Amino acid sequence: MSEKATDEALMRVALSLAARGLGNTWPNPAVGCVIVNSGAGGDRIVGRGWTQPGGRPHAERRALAQAGAAARGATAYVTLEPCAHHGKTPPCAEGLIEAGVTRVVTALTDPDPRVAGRGHAMLRNAGIAVTEGICGPEARALNAGFLKRIEQGLPFVTLKLATTLDGRIATASGESRWITGAEARRCVHAMRMGHDAIMVGSGTALADDPDLTVRDMGAVHQPLRIVIDSHLRHSPDSRLGRSARNVPVWLIHTSDAAPEARAAWIAVGAELIEVPARDGHADLLATMQALAARGLTRIFCEGGADLAAALIRAGLVDQLAHFGAGALIGAEGRAALGTMALARLRDAPRLRLIETRRVGVDTLSLWQI
């Protein structure tokens, strides 16, 4: 196997480790690291690590701790450029140098201004060979949320829709449990787990009284819950309100929200975020900017129809996850999307299919917008 092929294979191992941190490392990126020692018996992985919940310790520190003395003379495969700045912990580039690693292979340069090439430079100045850009597209896709927050000041947004074949999400009476089968619902919970936050609009919160937690997946980290509720209509005596001290709840509202509603939500432990109004509702661009400023990188939006359409119109959706059920409701059913304000077909957003697969009796299609 060539050196390039070996590098790519081992970087993919590091990427698989990095994916374990998705949803619980924000505002830090989810990074994976593999340390390989090439002895008489061939290449041997001596250390593995990925960014831990809350962003500390970093992947490199975890892998180095596992490798111990075997890191000397080894090659480290890291999915993102090692950090070069002093924060809560010393720089990871410094740790690799001190451990005696002789080569570092990375997938991406860190766009964070505190790093941005300084980690690579620190390694090279210490005499360590550095190879960059191995599996770069895969690493960029994995950390699309972190990269978008740093580069654009916005989180990566996945919009989830679960519809019948004719694009309906409920009957005319509002009955929607369940459009899709048990396997699809379990898949949704797994997707929730890989995001920093789950978001709905006030209409969905009022109609469904959801708790928006990850269920039936064992003891897992819970993403925070966000409701865009311009006038704070949702009650603190809801499932979200009653559980706000256990799993964080953030409410996006405008200046029109009544003082007594604000006080009631604060009393149950929710965090309130005021944003400017636009056409009588919370401005969605300002909302996303505020969430990114608070460190969020990946948001999983689950409705409803009006919020979904508004996010698409505003150009704030990056990926659409569509669960399709083999059922038909008809024109009297509730549509998956609200008003799109399109006069011509050529103005309709065109999506690029990323993948499609069967999930139980349903299908899942991932689309890039």
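Student: How many cavities of 30 Å³ or more does the structure hold?

Tutor: The structure holds 2 of them. On a 1 Å grid over the protein atoms alone, a cavity is a set of points where a 1.4 Å probe fits but cannot get out. Grid points are joined across faces, edges and corners, and a volume is the space filled by probe spheres set on the points. This is a predicted model, where local features need pLDDT of at least 70 and side-chain atom pairs count only at pLDDT 80 or more, while totals for chains, interfaces and linings use all residues. Residues are numbered from 1 along each chain as its sequence is written, and side-chain values use heavy atoms, with hydrogens and water left out.

Student: OK, what volume does the largest cavity have?

Tutor: About 60 Å³. Its lining includes L22, W26, F146, D196 and R298; a lining residue has an atom within 4 Å of a point.

Student: And what's the lining like by class?

Tutor: For the largest cavity there are 4 nonpolar, 6 polar and 2 charged residues. Ala, Val, Leu, Ile, Met, Phe, Trp, Tyr, Cys and Pro count as nonpolar, Asp, Glu, Lys and Arg as charged, and the others, Gly among them, as polar.

Student: New topic: what's the strand order in the open sheet of 9 strands?

Tutor: The order is β11-β10-β9-β8-β14-β6-β15-β18-β17, with mixed pairing. β11 and β17 stand at the edges with a single partner strand each, so one side of each has no neighbour in the sheet. Two strands pair if DSSP finds at least two bridges between them.

Student: How do β8 and β9 run, parallel or antiparallel?

Tutor: They run parallel, joined by 5 bridges. A197 has L224 in β9 as its bridge partner. β9 also pairs with β10 in the parallel sense, over 4 bridges, and there I226 stands opposite W250.

Student: Why is β8 called largely enclosed?

Tutor: Because 5 of the 5 residues of β8 are buried, and buried means under 20% relative accessible area, exposed over 50%, partly exposed in between (1.4 Å probe, protein chains only). A197, M199 and G201 point one way, I198 and V200 the other. In a regular strand the side chains alternate between the two faces of the sheet.

Student: And T75, buried or exposed?

Tutor: T75 is buried, with a relative accessible area of 12%. T75 sits in strand β3. Leaving aside neighbours within four places in sequence, T75 is in contact (heavy atoms within 4.5 Å) with residues including V34, V36 and R103.

Student: Last one: is E260 buried or exposed?

Tutor: E260 counts as exposed, at 58% relative accessibility. E260 has its place in helix α10, residues 259-267. Its C-alpha atom is separated by 9.8 Å from that of L232, 28 residues apart along the chain.

Definitions and conventions:
1 Å grid on protein atoms, 1.4 Å probe; cavity = no way out; pocket = protein on both sides within 12 Å on 5 of 7 lines; lining within 4 Å. Helix = DSSP H or I, 4+ residues; strand = E, 2+ residues; numbered from the N terminus.
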